[in-house]
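Here is a short report on one protein chain. Take a look at the sequence and the structure, then read on.

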Amino acid sequence: MTSAEFFDANEAWHPLFRSIAASSSVSAMEILKGTHGEEIQFDENTYPWKQLPHKPEGEENLASLVTFLDAMQKALTDIPIEGYKLEDAHDIHFIEEGRRMLLVERFHVLSGVDDKTTDANDQLFQTCWSEIARCHYFDFDNIGSLILLPDYDMEALKRFTEENILRPLDWLGVLDQFEVVSLQRNFPAIRIIYKIGDVPDLDKRGQ
């Protein structure tokens with residue numbers, strides 16, 4: 001999908017895209033027109049982006065989330081470590097993944113959403129870009145969202161993430177502000193983290 005095809009297909013989202021765009025010179029602005037940095041409203045009643053609840057409702061959705069997080073924790077504890085040496089690849093991976101888990105404070109479970117129907121993909125698109133809109137609107141560093149998709153095909157989710165999130169963020173010139181990954185721990189999921197900082201230098205504590 002080209003940038004023109006993506007933005008033409010999502011015209012209702014243009015105000016948000018212009019708001020997020022890094023500058024007037026990014027490639028997306030040739031298609032979006034208007035002014036980059038456009039002010040938008042953001043609350044529970046705005047559309048198509050909106051403020052979403054920070055956690056899922058319903059016992060089944062909560063159970064799916066617990067299963068996913070338990071698998072994430074097990075995968076983390078399964079990483080071999082060598083005395084927490086920051087030069088060791090396993091230790092670095094352990095630290096990086098551990099702090100990413102701690103940064104995620106917003107959770108969504110989209111049960112019944114799969115890669116087979118347009119409406120389902122529209123719901124996933126709205127959830128992802130609403131979370132991105134929230135990150136940009138409030139501009140809090142080191143904040144993350146997890147979108148769990150128990151019924152989605154993992155390979156299809158990787159394609160969705162690349163085509164509908166990563167490439168558009170790049171066209172908007174803000175890809176460096178977001179870390180967006182598709183991952184699987186029992187269930188597929190998308191994790192979005194905004195303005196993640198470097199690992200703190202523990203040797204400088206108290207200085």
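Phe-140 sits in the loop that joins H6 to strand E2 (143-148). This is a predicted model. With a relative accessible area of 46%, Phe-140 is partly exposed. Phe-140 also belongs to a nonpolar patch on the surface, together with Tyr-137 and Phe-138. The accessible area of the three together is about 290 Å².

The loop holds another residue to look at. Asn-142 is found there, between H6 and E2. Its phi is positive, near 55 degrees, and Asn-142 is not a glycine. Most residues other than glycine have a negative phi. Asn-142 has 33% relative accessibility, so it counts as partly exposed. Asp-139, which follows H6, has a positive phi near 55 degrees too.

**Helix H6**

How far apart are the end C-alpha atoms of H6? They are 30 Å apart. H6 has 21 residues, and at 1.5 Å a residue they should span 30 Å, so the two values agree. The N-terminal end of H6 has a cap, Thr-117. A side-chain oxygen of Thr-117 lies 3.3 Å from the backbone nitrogen of Ala-120.

**The overall layout**

Now step back to the whole protein. The secondary structure comes to seven helices and four strands. Along the sequence, the pattern reads α-α-α-α-α-β-α-β-α-β-β. The protein has 207 residues, and 44% of them count as buried.

**Salt bridges**

Side chains of opposite charge can pair when their charged atoms come close. How many salt bridges does the structure hold? It holds seven. Three of them are listed here.

| Salt bridge | N to O distance |
|---|---|
| Arg-106 and Glu-131 | 2.7 Å |
| Lys-158 and Glu-155 | 3.4 Å |
| Glu-179 and Arg-191 | 3.6 Å |

Start with Arg-106 and Glu-131, whose side chains meet in a salt bridge. Arg-106 lies in strand E1 (residues 104-109) and Glu-131 in helix H6 (residues 118-138), so the pair ties together parts that are 25 residues apart in sequence. Are these two residues buried or exposed? Both Arg-106 and Glu-131 are buried.

Next come Glu-179 and Arg-191, which also form a salt bridge. Glu-179 is in strand E3 (residues 178-185) and Arg-191 is in strand E4 (residues 187-194), so this pair ties together parts twelve residues apart in sequence. Glu-179 is buried, and Arg-191 is buried as well.

The salt bridge of Lys-158 with Glu-155 lies within one helix. The two residues are three apart in helix H7 (residues 154-171), so about one helical turn separates them. An α-helix has 3.6 residues a turn, so residues three or four places apart point the same way. Lys-158 is partly exposed, at 40% relative accessibility. Glu-155 is partly exposed too, at 44%.

**Cysteines**

A disulfide is a covalent bond between the sulfur atoms of two cysteines. How many disulfides does the count give here? The count comes to zero. Cys-128 has 0% relative accessibility and counts as buried. Cys-135 is buried at 6%.

Asn-61 is in helix H4 (residues 59-77). Its relative accessible area is 17%, so Asn-61 is buried. Asn-61 and Val-109 are 48 residues apart in sequence, yet their C-alpha atoms are 5.9 Å apart in space.

Ser-25 gives another such pair. Ser-25 lies in the loop between helix H2 (14-20) and helix H3 (29-32). Ser-25 is exposed, with a relative accessible area of 64%. Its side chain makes a polar contact of 2.9 Å with the side chain of Ser-23.

**The loop between H3 and H4**

Two backbone features belong to this loop. Pro-48 lies there. The peptide bond from Tyr-47 to Pro-48 is cis, with omega near 5 degrees. Most peptide bonds are trans. Lys-33 has its place in the loop between H3 and H4 as well. Lys-33 is not a glycine, but its phi is positive, about 60 degrees. With a relative accessible area of 53%, Lys-33 is exposed.

Conventions:
Residues are numbered from 1 along each chain as its sequence is written. This is a predicted model: local features need pLDDT of at least 70, side-chain atom pairs count only at pLDDT 80 or more; totals for chains, interfaces and linings use all residues. Side-chain values use heavy atoms; hydrogens and water are left out. A salt bridge is a side-chain nitrogen of Lys or Arg within 4 Å of a carboxyl oxygen of Asp or Glu. Buried means under 20% relative accessible area, exposed over 50%, partly exposed in between (1.4 Å probe, protein chains only). The expected span of a helix is 1.5 Å times one less than its number of residues. A polar contact is a pair of N or O atoms within 3.5 Å; within protein, one must be able to donate a hydrogen and the other to accept it, and residues adjacent in sequence count only if both atoms are side-chain atoms. Patches are made of residues with over 30% relative accessible area and no salt bridge: like charges are joined within 9 Å, nonpolar side chains (Val, Leu, Ile, Met, Phe, Trp, Tyr) within 5 Å. Accessible areas come from the Shrake-Rupley method with a 1.4 Å probe; for residues, only the protein chains shown count as cover. A disulfide is a pair of cysteine sulfur atoms within 2.5 Å.
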